[in-house]
Amino acid sequence: FETYINDLTGKFNKILPYERTSAQKKVINEIYHDMRSDKCMNRLLQGDVGSGKTVVAVFSMLIAIENGYQAAFMCPTELLAEQHFKTISDLVKQLDLKVTLLVGGQKKKLRNEILYDIKEGKTNIIIGTHALIQEKVEFKSLGFVVIDEQHKFGVMQRAKLKEKGFNPDVLVMTATPIPRTLSTTY
């Protein structure tokens, strides 16, 4: 992957405030090759809390964005969605990307603006809860999906998010490698 770094991923690599670990580099390379394949990626990323899964997810989302797609990042709780929104927004703030938070309970005017921007492709990364799978949410070009703590979502919920795009690549992340997580990813 290092030899294939493009504009966004190259800039992100330069502004990242720390060196990526060899494990992160290896996984990003594998994801990059999966995404170049003509088959949809369905990959499980397991690591301890604080191991850098989010950085791997951001690199992966940037690859999709470089290729004209939007990325969605679904979390099981509003608190976790807000934390990821802050972290990811901070990481990509120098890249001229629009990152949006979509959760339940947002005021109608704000929600309508967010939904419009998603549908028109004005938002690159959409981070949210189950709100992402509501019928009114339409993506212009969803090409990459990240599902955090995916074992907290039902099969139908995960499928609904995938259906919002046209065969998007999927990265599921977990800090708890339970048998159900492994089997649902498979």
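Reader: At what angle do the axes of helix α3 and helix α4 cross?
Author: This is a predicted model. Helix α3 spans residues 53-66, and helix α4 spans residues 78-92. Their axes come within 11 Å and cross at roughly 60°.

Reader: How many nonpolar residues are in the contact of α3 with α4?
Author: From α3 come Thr54, Val55, Val58 and Met61. From α4 come His84, Thr87, Ile88, Leu91 and Val92. No charged residues take part, and 3 are polar. The nonpolar count is 6.

Reader: Which strands are the edge strands of the sheet?
Author: The sheet is open and has 6 strands, with parallel pairing. Their order is β1-β6-β5-β2-β4-β3. An edge strand pairs on one side only.

Reader: Which residue in β6 stands opposite Val146?
Author: Strand β5 covers residues 142-148, and strand β6 covers residues 169-174. The two pair in the parallel sense over 5 bridges. Opposite Val146 stands Leu171.

Reader: Which helix lies across β2, β3 and β4?
Author: Helix α2 (residues 22-36) lies across β1, β5 and β6, at about 170° to β1. Another helix, residues 108-120, runs at about 130° to β3. The helix across β2, β3 and β4 is α5.

Key. Residues numbered from 1 in each chain as written. Predicted model: local features only at pLDDT ≥ 70, side-chain atom pairs only at ≥ 80, totals over all residues. Heavy atoms only, no water. Axes fitted to C-alpha atoms, helices over the stretch in contact; angles between N-to-C directions. Helix = DSSP H or I, 4+ residues; strand = E, 2+ residues; numbered from the N terminus. Contact = heavy atoms within 4.5 Å. Nonpolar A, V, L, I, M, F, W, Y, C, P; charged D, E, K, R; others polar. Pairing = 2+ DSSP bridges.
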